[in-house]
Each structure stands twice: as C-alpha cells, then as structure tokens.
Amino acid sequence: MSVQKEDEIIGKAYDSKLMKRLLTYIKPYRKYVFLAIFMNIVVAALPSLRPVLTKIAVDDKITNHDYNGLLLIIVALFGILIFQSIVQYFLTYFTELIGQKTIYDLRTQLFAHVQKLSLKYFDKVPIGRTVTRVTNDVDALNEMFSSGIVEIFSDLFMIIWILVFMFWMSWSLALITLAVFPILIFATFLFRRKVRETYRDVRKHLARLNSYMQEHITGMNVVQIFAKEKDELKRFSSINKDHKDANIRSIFYYAVFYPFVELLNSIAIGLIIWYGGGEVIQKHLSIGVLFAFIQFVEMFWRPVRDLSEKYNILQGAMAASERIFKLLDDNTFIENPAKPISLKNFKGEIEFKNVWFAYNPGEYVLKNISFKLKPGETVAIVGATGAGKTSIINILTRFYDIEKGSITIDGIDIKNFHEKELRKYIAVVLQDVFLFSGDVKTNINLGNENISEEKIIEAAKIVGADKFINQLPNKYNEEVKEKGATLSVGQRQLISFARALSYNPQILILDEATSSVDTETEKLIQNAIEKLLKGRTSIVIAHRLSTIQNADKILVMHKGELKEVGNHQELLAKKGIYYRLYQLQYKDQEKIKTN
Ligand SMILES: Nc1ncnc2c1ncn2[C@@H]1O[C@H](COP(=O)(O)OP(=O)(O)OP(=O)(O)O)[C@@H](O)[C@H]1O
C-alpha cells in the first residue's frame, strides 16, 4: 500500500485485535484505570440524584410548606455538587495521567524502533510520514486513552442511571421520553457515515499539506534562487483550499447534527409536558415527578450526544493505531548474528570477494566486486556519478546487506559482527556533513562521555579546526544551529573530521566533498585528511588529486563494475578509463597546483 493511501485509511471504529494490542499499553496502569472507572460510576450517578431531590422538594416540602425540609434539600443539592466537583477533579487527573503515561511509553518504543530500522526503510518511507506516526498519530491515541475509554464508561453509566431512575419514577413518562429515540439513532447513524467520509478527506488533504510544506521548506533555497515563490504559493493555496473546504464540509455536518439533537430534545420535553401535564391535571401524577422528568430529559441527551463524538475519537484512534502498529511491525532490520564475534587484535584488513549488491531486487548496482586492503592502506575509489562508489561504503558499514559474495574484516565476514561492534571499528565522514543542534563540543563527541573535553580539543587541534573554533564567541560551547546553518562549508567539514578523529576508529571511510572552498581552507582540509588517513585502513571516495596520488590503490568504478585497480602512475600508463577520467576531471586541479 502506498504511504499516501496509508494516511487515508479510516477503518473501523472498533477492531478487537487492535484494541487488545492497545490495551497492553494501559496494562501497567490498570490500577488507575479501575480507579477512574469506579469514580466514573459515582460521578455518573450523582447528577441523576438531582431530579430525584427536586421531586421530593416539590411534592413533599413545597406543597406541605416545610421550609426546614426545603432548606435541607437545598443543602443536599449543594453538597452533591461540591462532592461531584471533587470527584471530577481526581477523575480528570487520573484519566490524563493514564493517557500521558501510555503515550510516553508508546513514543519511546516508536523512537527506539525507528532508530533500529535499516536505511532500506527510510528509502521507501518519506521522513514526514514517520514523524507523523510518532507525533500526530500518537496524539490521536492519547485522546482515546485519556478521555475516550474512560468517558465512554461514564456516558454509558449515566444513561443507565437515568433510565433506572426514570422507570422507577414513572414508566409511562420514561417510555414517552424514549419515543424520539429511534429518530435519534437513525440521525446518529447518518451523521457518523458522513463524518467518516469527511474525516478521511480532511486527513488526506492534511497529509498533502504537510508533505508539501516539509518539502518546500527543505528546498527553500532552490525556490528562492529560481524566484519560484509566486508559483509555489499558488500551488500551496490550492492545496490549502482543498484542506479548508474539506474541513468546512465536515463542520457542516456537525452544524446540522447538533441543533437537530437539540430539536429532538425539545420535542421530548414538549411531549413530557403535554402528556405529563395532562396526567398531573387528572391527578395521576405528582407535579414533582413532572419537574424531575424535565430535568432527566435534558440530562439524558448529553451522554447520548457525547457517545457519537466518542465514536469519532475511537475511529481516529483505531486508524492511528493501525498505522503505528504497521511501523512497529516493520522489520526492515539488519540481522545480527546469534553469537556475534568480537575482534581481540584488530589489524584492519578488508576484503571484498565477488560482491553483488542491489537496492531493489534484481537491479544490481555493484557487480562482482573484489579487492583487498592491507592494514593501514588507503584506497581511493573513483568513477563517474552513479558508478557505485557510495554503495561500496553503504555495504561495508552494513547500512544495506549484500546479495552475493562476502566482505571480510581481518578474515571474518562482517555478518558475524554485531552491527554496533562493526560500526565501532569504522568512522564515516560524509560529503554532506550533518551537524546537530547543540554546541560545537557535543557535535564532535556526539554526546559520548568517554570522549573527554581534552580529547575533543586534541582532535580539533590535529585536524586544524581549533583555530576557527577559538575565534567563536563561546569557543567549544558555541551553539550550533540546526544542520550547522551558522557555519561555513569548510568549517563544518573540519568539525566532522574532528568528530571522526575523536572516535579514533581503526577503519576510516571518507566521502570527500566536491564543494570548492577557499585556498586557505582547502589547505587545512588537505592537511586534515592526511592526518586522518595516517595509520588506519581507509577508503576514500576521492575528488582531490592529492588524495588520489597518495593512495596505495585506486579502484576505478564504471557502471557498478570494478574496471581498473592500481596506483596513480600505473593507471595513467594503462591509458584506460582512469586516464580519460584524469584528463577530464583532475588535470585542472594539477594546473591549479602548479600555478
Ligand atoms: N537508496 C537507493 N535506492 C535505490 N537505488 C539507489 C539508491 N542509492 C543509489 N542508488 C542507485 O545505485 C547506483 C549507484 O549509486 P551510488 O550512490 O553508489 O553512486 P556513486 O558512484 O556514489 O555516485 P555519486 O558520485 O553521484 O555519488 C545509481 O544508479 C543510483 O541510482
């Protein structure tokens, strides 16, 4: 099912399988749930006592001119109200507590799960959808866990209590009150059907609105540089209008349904006054009962109307939980071995043996790749765009698993390591440096407390980042904005080098940035790279001629195949793909160097 479609599911209002699974989240807090249900029974019964007391006041006290008795009834009524407010306070507190605690657990579980998912999952699901699961969808459940489930009990109890008291006082008037009930049920049925349709529409348009916003904020620089603001605003306005119209349609049904329920309520009261009044005149009924019934009818309608609203909450929650569970059941994981191996004496030898790899089944992007790297060697991978360079990195780090062949480190297949262990050996510096919001320090050690401040500064000094960091107003404590927006490209790269170095990995993977920086920064970066590569087995997707010339080996990739292997001089002498690539891409760099 497409993700778009997934957002349009509205499903059933009640699905026992989903509900069973949802209830497991409340289980740890069941004592609060029972307490809340008990308080609900009490709270639901209290309002029904009011008409009963009114009847006593009218029939026994007022007609008999019993002022003291009347005062007592008023005190009792007041007492009930106070008591009801107190119980209501605790009830609200406990229901919110249940809701908040359960969604806290669920959110934590979701985030932990998302972190474990392999990159394959993120290839197929847009980020916005995953974020929606953890935020909006979980919120929909909050409403159900807190008010939903518990209040359904309260509404049902209230209806039961009112019915009990009504039939106890006068069964004929009770039946008259219920006369309009079939119409109400029919109206509710129609209302629910219409609201369900509009609810789906609103969701669909909201999902479109969100993804449009997200995409355009991310690509704001492209929008602005090509002066596309007007066109984009036009498109956005049309999506926004669809969303608004869908909402207005849904409000229309609410606007019709609620007054209609009020109308039915008034008709019921009219019937009571007409029939009950006649009974009072004929002295078959006391006036107090008539008063009580008018109150009962007014009270009766609220929980009935609320129940149809609860239906919507339940429906939204069921659909949300279906989407949440789908994410929780997504097992796009990298499988870890039952008995993972840990290397004692790490040497750092890497070997690819006849490796075949495809992102999508059957579409091989790496074909029969074999090469060997001795400990401490540096290999540079070169090739045209789309040749498969990044894919080699992706499979060595096990972001993806290979189809055929083997990759070994010190003779051991990487599938025999726990993925965490494997990634402990390797540090990756990507072309697109990702900085998190926080300070410079935590962007270097990524919050790892084993990497002390001294080590951070030492790493920054070695790669030559400390000079610019020391010029920042707060030095290592300087705040870094989201994605490092306040730093230059070169500065971001230097920080990422310091990050890699502070982790002191045995294997280093480096995707050299192609972006041009000023000569001074370029020199800094080249120096930093040299220091980073020293003494470790390194794989570099190389764009700098200096890196390539210093590499022990160069792998020349072409359309997923390894076409040539050798060092710079050997490959030039061959006059093959590398030679042509050199003429096209790297010669200019040499010219700049010699100038
Ligand atoms: N996540 C993915 N899902 C499906 N196909 C992918 C994915 N990533 C890359 N590819 C495809 O795999 C092939 C190799 O891509 P790769 O990123 O390894 O190339 P590259 O040599 O690193 O290119 P560049 O120099 O442009 O970064 C390309 O045809 C690309 O379209």
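**View 1. Strand 11 and strand 12 run antiparallel, joined by five bridges.** Strands are DSSP runs of E of at least two residues, numbered from the N terminus, and two of them pair if DSSP finds at least two bridges between them. The model is predicted: local features need pLDDT of at least 70, side-chain atom pairs count only at pLDDT 80 or more, and totals for chains, interfaces and linings use all residues. Residues are numbered from 1 along each chain as its sequence is written. Strand 12 covers residues 561–566, and its Val565 stands opposite Leu555. Two residues separate the strands of this hairpin, and Lys559 in the turn has a positive phi of about 45°.

**View 2. Strand 11 also pairs with strand 3 (residues 378–383), in the parallel sense over five bridges.** Val382 has Val556 of strand 11 as its bridge partner. Five of the six residues of strand 11 (residues 553–558) are buried, so the strand is largely enclosed by the rest of the structure. Buried means that 20 or more other C-beta atoms, placed from the backbone, lie within 10 Å of the residue's own.

**View 3. The residues around the ligand include Asp123, Tyr359, Lys389 and Thr390.** A residue belongs here if its C-beta atom, placed from the backbone, lies within 6 Å of the molecule. Helix 12 (389–396) and strand 1 (350–360) each supply at least two residues of this shell; the largest share, three residues, comes from helix 12. Helices are DSSP runs of H or I of at least four residues.

**View 4. Phe497 touches Val429, Val463, Ala465, Ala528 and Leu532, not counting residues up to four places away in sequence.** Contact requires C-beta atoms, placed from the backbone, within 7 Å.

Definitions and conventions
Two residues are in contact if their C-beta atoms, placed from the backbone, lie within 7 Å. A residue is buried if 20 or more other C-beta atoms lie within 10 Å of its own, exposed if 12 or fewer, and partly exposed in between; C-beta atoms are placed from the backbone.
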